[in-house]
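Student: I've got a model open and want a quick walk through it. Can we start with the overall picture and then pick one element?
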Amino acid sequence: AHAFAREGRVFDLTKAPIKERYDLVVVGGGISGLAAAWFYRRKMGGHARILILDNHDDFGGHAKRNEFRIGERLILGYGGSETMQSPSTMYSKVARQLVDALGVKFERFETAFDRKFYPARGLSRGVFLPREHFGRDALVSGDPTMMVADELGPGLLNAKPVRDFVAAFPISEASKTQMIALYESKRDLFPGKSADDIKAALASISYRDFLIKLHGCAEEVANCFQGRTLDYFALGIDSVSAWDARATGYPGFGGISLPDKTETESEEPYIHHFPDGNASLARLLVRSLIPVVAPGRTMDDVVLAPFDYGKLDRDGSRVRLRLNATCINVSNTQKGAELVYVRDGKVERVAARHAVLACFNMIIPHLMPELPQAQREALAQNVKAPLVYSKVAVKDWTAWTRLGVHEISAPMSFHSRVKLDYPVSMGGYAHSSDPSQPIGLHMVHVPGAPNQGLDARDQFRMGRQTLLEMTFADFETRIRDDLDRMLGPGGFSSARDVKAITVNRWSHGYAYGASTLFDKDYEATLARARAKAGHVAIANSDAAGKAYAHAAIDEAHRAVKELLG
């Protein structure tokens with residue numbers, strides 16, 4: 001894809017004859033592409049012939065599954081798409097119908113996900129402040145901050161009183177006083193202003209400026225929050241609006257006269273998570289489309305079900321999933337569409353009545369030169385955020401128990417979040433039940449260019465360049481350094497305790513979401529970008545401007561509806 005889209009390589013598209021014809025060809029085997037195939041087959045019936053093309057060696061797209069073996073123990077992890085977030089408040093009727101048909105019972109997670117597992121062991125969340133910015137390394141346990149879509153909830157944080165928590169920070173006494181005030185103050189920063197005026201003001205200022213310019217906090221106080229937003233927004237607090245910071249749980253808004261926060265996802269616990277994240281959702285979709293690929297019928301048995309990849313693309317199958325197949329051209333014809341892809345160095349051509357492009361928006365203009373210029377420009381606006389989820393298998397988690405933490409926020413470190421795996425057991429898979437057992441660690445790194453006055457898209461572009469220049473050895477060095485410094489006081493040694501590392505490097509990660517700091521009328525841009533072009537429709541989370549599984553499903557349904565009515 002980079003060869004022809006970025007480097008301008010020319011492929012001869014004229015010599016490949018049409019060898020196969022389908023009712024539908026889908027480009028992209030992620031959740032949206034798989035869902036598009038599912039919706040199309042439901043509408044057209046089991047006789048419909050469908051081909052799904054994906055350029056990777058596995059299906060699922062961002063719903064990536066990681067597996068480790070430490071001795072006799074299997075450790076599963078999510079290398080990308082994490083959770084079916086807030087199904088009661090965020091899932092449409094259409095999305096609920098699909099997951100229901102796949103056998104997903106959301107109430108099952110209430111028992112599979114043990115929310116009290118870490119709290120019952122006296123563990124809390126911690127904050128790590130590194131010596132490069134704070135003079136000395138310090139891990140502070142007992143974080144009292146409740147975040148949006150929190151898997152724990154009130155009473156499960158094992159939080160310290162704010163004053164005790166802040167007392168351990170390696171910052172000046174004046175800064176500690178400012179930090180405490182953020183959590184406790186009832187100061188009204190907008191006296192006499194209407195709710196609409198306050199919202200507009202908060203939407204137009206970054207949270208970092210809100211802390212420094214409105215609250216009068218020192219730079220070191222702002223640095224205590226700088227990277228805490230990276231995992232959720234892929235941006236630091238210099239590029240996240242104060243309005244969004246308020247909605248997602250950050251302090252400093254206690255005295256501002258506004259209605260309660262409107263983020264509905266905060267009403268549901270963040271527990272709708274398979275051991276491998278949404279990889280199991282992708283597996284359920286593939287098993288539904290191609291039943292011979294894996295045994296089983298339930299959401300539990302899919303977790304450990306063996307998948308026979310040799311049956312994904314069989315002659316005679318009504319639905320075929322072809323991996324390692326990179327689409328390079330899509331064009332409309334009088335009766336449908338033709339698609340050209342490269343596999344094993346060979347250029348191949350297929351024809352279809354309909355096509356769904358369930359790949360990244362930014363590649364689509366390169367695939368379809370015939371698109372109008374306004375649509376091409378709109379598609380290019382979805383500059384996806386770079387993101388790295390590293391999974392580290394360790395021999396035990398005793399150091400965490402000694403330090404009293406199960407999750408660490410590191411707002412000024414290379415990894416902004418480090419945590420023990422979610423305590424989920426289902427389908428015969430068991431989460432590590434004792435600190436002496438092996439476990440998987442989840443580590444988040446988001447490259448960027450903070451505090452340089454750049455908008456989100458430019459930060460993502462610069463972050464992606466940085467990311468692609470890094471080797472695995474570079475990542476391993478940073479992983480070991482952060483773990484040794486955070487957990488070393490608890491007896492952790494990366495040389496002894498780290499058994500395996502997988503770096504899930506998403507140079508094109510989260511779909512671009514509108515920002516009140518950088519965007520105006522982004523919904524109109526999204527509408528232009530996802531417009532149907534002849535017999536070709538577009539389905540992906542990019543089309544929704546939201547990096548969520550339910551958004552990918554909704555866009556798949558819309559695309560199929562546009563094609564079939």
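Student: How many helices and strands does the protein have?
Tutor: This is a predicted model. The protein has 23 helices and 16 strands.

Student: What's the radius of gyration, and what would a compact globule have?
Tutor: The protein has 24 Å, and a compact globule of 565 residues would have a value near 24 Å, so the two agree. The C-alpha trace spans about 75 × 60 × 40 Å along the principal axes.

Student: And what share of the residues counts as buried?
Tutor: 59% of the 565 residues. The protein exposes about 22400 Å², with carbon and sulfur atoms supplying 48% of that area.

Student: What about contacts between residues 24 or more positions apart?
Tutor: They make up 72% of the contacts with a separation of 6 or more.

Student: Charges next. How far apart are the mean positions of the positive and negative ones?
Tutor: 5 Å, for 71 positive and 67 negative charges.

Student: OK, switching to helix 4. Which residues are buried there?
Tutor: Helix 4 covers residues 93–101, and Val94, Ala95, Leu98 and Val99 are buried. Down the helix axis these buried residues fall within an arc of 125 degrees, so they line one face of helix 4.

Student: What do those buried residues pack against?
Tutor: Helix 2 (31–44), helix 14 (279–289) and helix 23 (549–564).

Student: And what's on the other side of helix 4?
Tutor: Lys93 and Ala101, which are exposed.

Student: What follows helix 4?
Tutor: Glycine 103, with a positive phi near 95 degrees.

Conventions
Residues numbered from 1 in each chain as written. Predicted model: local features only at pLDDT ≥ 70, side-chain atom pairs only at ≥ 80, totals over all residues. Heavy atoms only, no water. Helix = DSSP H or I, 4+ residues; strand = E, 2+ residues; numbered from the N terminus. Rg over C-alpha atoms; globule rule 2.2 N^0.38 Å. Buried < 20%, exposed > 50% of the residue type's maximum accessible area, 1.4 Å probe, protein only. Contact = heavy atoms within 4.5 Å. Areas by Shrake-Rupley, 256 points an atom, 1.4 Å probe, with all protein chains shown as cover. Lys, Arg positive; Asp, Glu negative; His and termini not counted. Charge placed at Lys NZ, Arg CZ, Asp CG, Glu CD. Arc of directions from axis to C-beta.
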